[in-house]
Amino acid sequence: MRRLTLLRHAKSSWDDTVPRDFDRPLNAKGLKAARTMGRYMRDEALSFDHVVASPAVRVVETLDGVWEGYGRTLKPVWDRRIYLASCVNLLDVVKETPDSVQDVLMAGHNPGLEDLVLMLVPDREGDALRDSLEEKFPTAALATLEFDGPWTDLEPRSARLTRFIRPRDLDPALGPES
């Protein structure tokens, strides 16, 4: 069984005047959410053979915070194709994963990550995890998909969503502002 875990970057700062969207940093709430998600990953003993991520500043800073909470650093492959990619482009990146890899963490952006889950996981009545993710895949949320077969065989509706966790599920203060 293969596992693909998708991590959306944490909340970024729109107040910071940077010349390019690519360079937008996290805000304080985003940094806290990233650390919280890292602690969750540590507590759940999540491990990854391969990490691939967008090189956008907000993703780099998210992973720095995650590693702080996780307690160790994993060295991602920075792939510019993930930056603001469509679900089809993200699937192409996933399909390039070497056969020796069982567990992948991909860190990137919406709407591509959410659309990738919705494309890969069939819409079945009563699937509360998928329904929740379809409602919203918020910043710093984590989704894990499982499937059988090689990475190259990953196709629409061929995966199972086994985990969907949002920062607010771990700390209500990280939820939406009232």
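Residues are numbered from 1 along each chain as its sequence is written. In this predicted model local features need pLDDT of at least 70 and side-chain atom pairs count only at pLDDT 80 or more, while totals for chains, interfaces and linings use all residues, and side-chain values use heavy atoms, without hydrogens and water.

Q: Are H1 and H2 parallel or oblique to each other?
A: The axes (lines fitted to C-alpha atoms over the stretch in contact, with angles from 0 to 180 degrees between N-to-C directions) of helix H1 (residues 28-43) and helix H2 (residues 57-70) come within 6 Å and cross at roughly 45°. Helices are DSSP runs of H or I with at least four residues, and strands are E runs of at least two, numbered from the N terminus. Angles under 35 degrees count as roughly parallel, over 145 as roughly antiparallel, 65 to 115 as roughly perpendicular and the rest as oblique. H1 and H2 are therefore oblique.

Q: Is alanine 140 buried or exposed?
A: Alanine 140 lies in the loop between helix H5 (128-135) and E5, and its phi is near 65°, a positive value in a residue other than glycine. Buried means under 20% relative accessible area, exposed over 50% and partly exposed in between (1.4 Å probe, protein chains only). With a relative accessible area of 1%, alanine 140 is buried.

Q: In which loop is the place of proline 111?
A: The peptide bond from asparagine 110 to proline 111 is cis, with omega near 10°. Proline 111 has its place in the loop between E4 and H4.
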